[in-house]
Amino acid sequence: MTSAPNPLLLGRGLPPYGQFTPEVIGVGMPELLGQLEASLARHEARLATLEAPTWEQVMEPLHHVEERLRWAWGVVNHLMGVCNSDALRHVYSQQQPAVVRFTNRLGQSRPLYNALRQLQQRRRDGGLLLDGAQQRILTAEIQAMELQGVGLEPEQRQAFNAASTRLAELSTRYSNHVLDATRTWSLLLRDPQEVDGLPGSLRELMAAAAREAGHGEATAAAGPWQLGLDLPRYGPFLRYCRHRRLREQAYRAHVSRASTGDTDNYPLLHEILTLRHQQAQRLGYPTWAQVSLVRKMAGSVEEIEKLVEDLRRPSRPVADRELEQLGRLAQEMGAPEGERLQPWDVSYWSEQLRRRRFDLDSEALRPWFPLEQVLEGLFDLCERLFAVRILAADGEVPTWHGDVRFFRVVDPEKNAPIAAFYLDPYARPGQKRGGAWMDECLVRQRNEDGRMVPPVAYLICNQTPPVNGAPSLMTFMDVRTLFHEFGHGLQHMLTTVDRPQAAGLNLVEDDAIELASQFMENWCYDRPTIMAMARHWQTGAPLPEAEFAKISAARTFMAGTAMLRQLSFAQGDVTLHAHWRPDGEESPEGTWRRIATALSAMPPIAEDATICSFEHLFAGGYAAGYYSYKWSEVLSADAFAAFEEVGLENEAAIRALGKRYRDTVLSLGGSRHAGAMFHAFRGREPSTEALLRHSGLVGEAGRGEKASALAYD
């Protein structure tokens, strides 16, 4: 009797979640890597015999190897993000070096590189016809191999590979430290006065945490209440807690996460930056930022810094006025912080000013945004704009947790499947990393039988789970976050590119990757969209018109402060990767603090260690690329402006424009340069004007200067 094959060896189809135990991963990854090594060796041997290799001879076997690794290691990485455990961490750390070694082996294959260059030369000579997507794929494969050190001499290659392995290990440790530091801090509150002013939903969440931690039969009314640093608790606590001392205690804990003791990330981030700098120089680039620019729309560090300055200039006076207004309000209400506002005061007094100015209580809107209705409204919008229907398919496929849902995307006219996605909506502190993200499960491609494999996405959020019989009630920010991630998902799922290497988000320039996600956020301020989904979960009453008017009016509230925060992160990132030197006098944290002090609306406190928990830069894909959020936001705001120009109430025009958006931005994926793709939709180059207008900063833009355009040469 033969045992069933290890599920990691499947390499295709929806993953059989429930079977991927740490033991299965520990056995399956070495077996898979052995099979892939043999496949690569056979491919290299065949390539050596070909005088004039064809696309099919070179690329199809290569994709087969790459796809099997992407599928299997993608499952493991996904589980690390949503079902983290000590056992999984242990097996991950055991297998990661071998995965990195094989990735380097693949990226440094001289027979493969030579065959790719032959294809490129044959195309240039006219002996090989390739379409636009194939040309981009070929160029990207060659660039990727060059950036993986295929041209290095043996000694340099050995150092490069050792550094790659070390960087992967450091990145994982950095992320684990953030998760552990977030999980281990808590504050138990027993005095009802300490939670006075907190919304009922937050008190219930904190009481549930206290019960789970073994503090008796805690209730929302009587306590005790346990605060944590996960955003569903920490964020609302800072907004609503009336006790400045407690806000300060929570804030200091949050910004100093992973900066001391066993979870200290300072040594890790210093080593990561040093290794990146060394890797760049091994590859012939002066800094890591120049390496990063290979896959960007921006052509230089100077272009990035110009964008930061173009947005900083109109934002600074607005942010200064915003903080002055918060201080005046605190003074009027007799609060001591009116004399000197501190960072832990900003969220609280922003909420107070929001209530006074717009009569808008962010937390009080939750009952109108239960998750199921928000999904229904989101899906209706997608049907209206993009002519797709989204159907629940819960229970049809295995999932990694009982909260995870599964949906199918179909063509309503043909009733034909287009794509599918998993949705994992709720926070699970200590097990699931914070934030929200979209990732690939399956990529659109043809299988060995020639049939099209529909793309499948992972959509992950961290909102408040259902509590005490109530559904998951979302803040307006939660709604925006869901729309954002779904925008990523749409670009992955609605691609019509048949070549997987350029389908969906693949080969989309990194600083255009947020276009589709941020575009969807704009619809959260579209009245028909919001009013169709916002109904009270108990009474069914629609959101009062006055409340929607307040949401719209508050769109630009504290926009200057928020803009400066993002610009500070963007400039700090690019400075660390373009100007900081390992042998320089300034430490990475010193550089980060200097930039934050200069650009942020309020300078950081002494123990601010945000750099130690900034996973985007040190455990994600945004190193030297955090500016991409603002670069993409220029694109997304300008794209949405096209809908505003035809009139959001003009249904026929909106549907026609939605089709054009789907046929360009969502359909073309990485098969064309992002600048050319945007031009195909908009008919011109992008401009910052719409972003400044949406942010309420257009009147400040250079005191009448013309809004700038992004270059994409």
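Q: How many residues does helix α3 have, and what span does it reach from its first C-alpha to its last?
A: Helices are DSSP runs of H or I with at least four residues, numbered from the N terminus. The expected span is 1.5 Å times one less than the number of residues. In this predicted model, where local features need pLDDT of at least 70, side-chain atom pairs count only at pLDDT 80 or more, while totals for chains, interfaces and linings use all residues. Residues are numbered from 1 along each chain as its sequence is written, and side-chain values use heavy atoms, leaving out hydrogens and water. Helix α3 (residues 86-107) has 22 residues and reaches 31 Å, close to the 32 Å expected.

Q: Where does a kink lie in α3?
A: The bend at a residue is the angle between axes fitted to the seven residues ending there and the seven starting there. In α3, a kink of about 30° lies at Q95, shortly before the proline P97.

Q: Which residues touch the most other members of the largest nonpolar core?
A: Such a core joins buried Ala, Val, Leu, Ile, Met, Phe, Trp, Tyr and Cys residues through side-chain atoms within 4.5 Å; buried means under 20% relative accessible area, exposed over 50%, partly exposed in between (1.4 Å probe, protein chains only). Here F369, F386 and F421 do so, among 137 residues. Helix α12 (residues 301-332) gives the most, 11 residues.

Q: Which residue forms a salt bridge with E607?
A: A salt bridge places a side-chain nitrogen of Lys or Arg within 4 Å of a carboxyl oxygen of Asp or Glu. The partner of E607 is R252, with the closest N and O atoms 2.2 Å apart. These residues are 355 residues apart in the chain.

Key
Helices (H or I, at least four residues) and strands (E, at least two) are DSSP runs, numbered from the N terminus.
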